[in-house]
Amino acid sequence: MNDQKLLNALSYFSLFFAPFIVPIAIWIFSGTENTKHHAKVALFTHILPTIGGIFTALSVGIVGFSTNSANVTGFIGLGLVVVVGLMTIILAIFNIIRGIQALVAKEDNPHFNSID
């Protein structure tokens, strides 16, 4: 197993221990374009749930201040929490699958090792 495969997998698996620091470090310090590509994809999939959570919090706050209706605020808040929660679960599963694919990818696999 070569270092490139380990770094690719580590970019995705870092979701569980350092979701922003590890992909950024691999993206900056990696020597190959393929590894940089996987680090960018992993970083993007780690940032999306955070952006969704911030959007949800801001939306619920704005709706709460503008409507004075607990029912409307609760309905919108619950809907957004469910959507962001599902997005987070789907992206976590995606990261796990891509990390496993990175570990078991063969050296001559053009579908996983290319940056297309």
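Helices (H or I, at least four residues) and strands (E, at least two) are DSSP runs, numbered from the N terminus. The structure is a predicted model, in which local features need pLDDT of at least 70, side-chain atom pairs count only at pLDDT 80 or more, and totals for chains, interfaces and linings use all residues. Residues are numbered from 1 along each chain as its sequence is written, and side-chain values use heavy atoms, with hydrogens and water left out.

**Exercise 1. Determine which helices supply the nonpolar surface patch.**

Step 1. Patches are made of residues with over 30% relative accessible area and no salt bridge, where like charges are joined within 9 Å and nonpolar side chains (Val, Leu, Ile, Met, Phe, Trp, Tyr) within 5 Å. A salt bridge is a side-chain nitrogen of Lys or Arg within 4 Å of a carboxyl oxygen of Asp or Glu.

Step 2. The members are Leu7, Leu10, Phe16, Phe17, Ile96, Ile100 and Val104, with about 650 Å² of accessible area together (Shrake-Rupley method, 1.4 Å probe; for residues, only the protein chains shown count as cover).

Step 3. At least two patch residues come from each of helix H1 (3-13) and helix H4 (70-104). H4 gives the most, with 3 residues.

**Exercise 2. Describe the buried side of H1.**

Step 1. Buried means under 20% relative accessible area, exposed over 50%, and partly exposed in between (1.4 Å probe, protein chains only). Lys5, Asn8, Ala9, Ser11 and Tyr12 of H1 are buried.

Step 2. Viewed down the axis of H1, these buried residues fall within an arc of 150°, so they line one face of the helix; the arc is that of the directions from the helix axis to the C-beta atoms.

Step 3. Their packing partners are helix H2 (21-29), helix H3 (33-67) and H4.

Step 4. Leu10 also belongs to H1, but its relative accessibility of 33% makes Leu10 partly exposed.

**Exercise 3. Contrast two loop residues, Ser14 and Asn68.**

Step 1. Ser14 is in the loop between H1 and H2, whereas Asn68 is in the loop between H3 and H4.

Step 2. Ser14 counts as buried because its relative accessibility is 0%. Asn68, with a relative accessible area of 74%, is exposed.

Step 3. Apart from its neighbours within four places in sequence, Ser14 is in contact (heavy atoms within 4.5 Å) with Pro19, Val22, Pro23 and His46.

Step 4. Most residues other than glycine have a negative phi. Asn68, although not a glycine, has a positive phi of about 60°.
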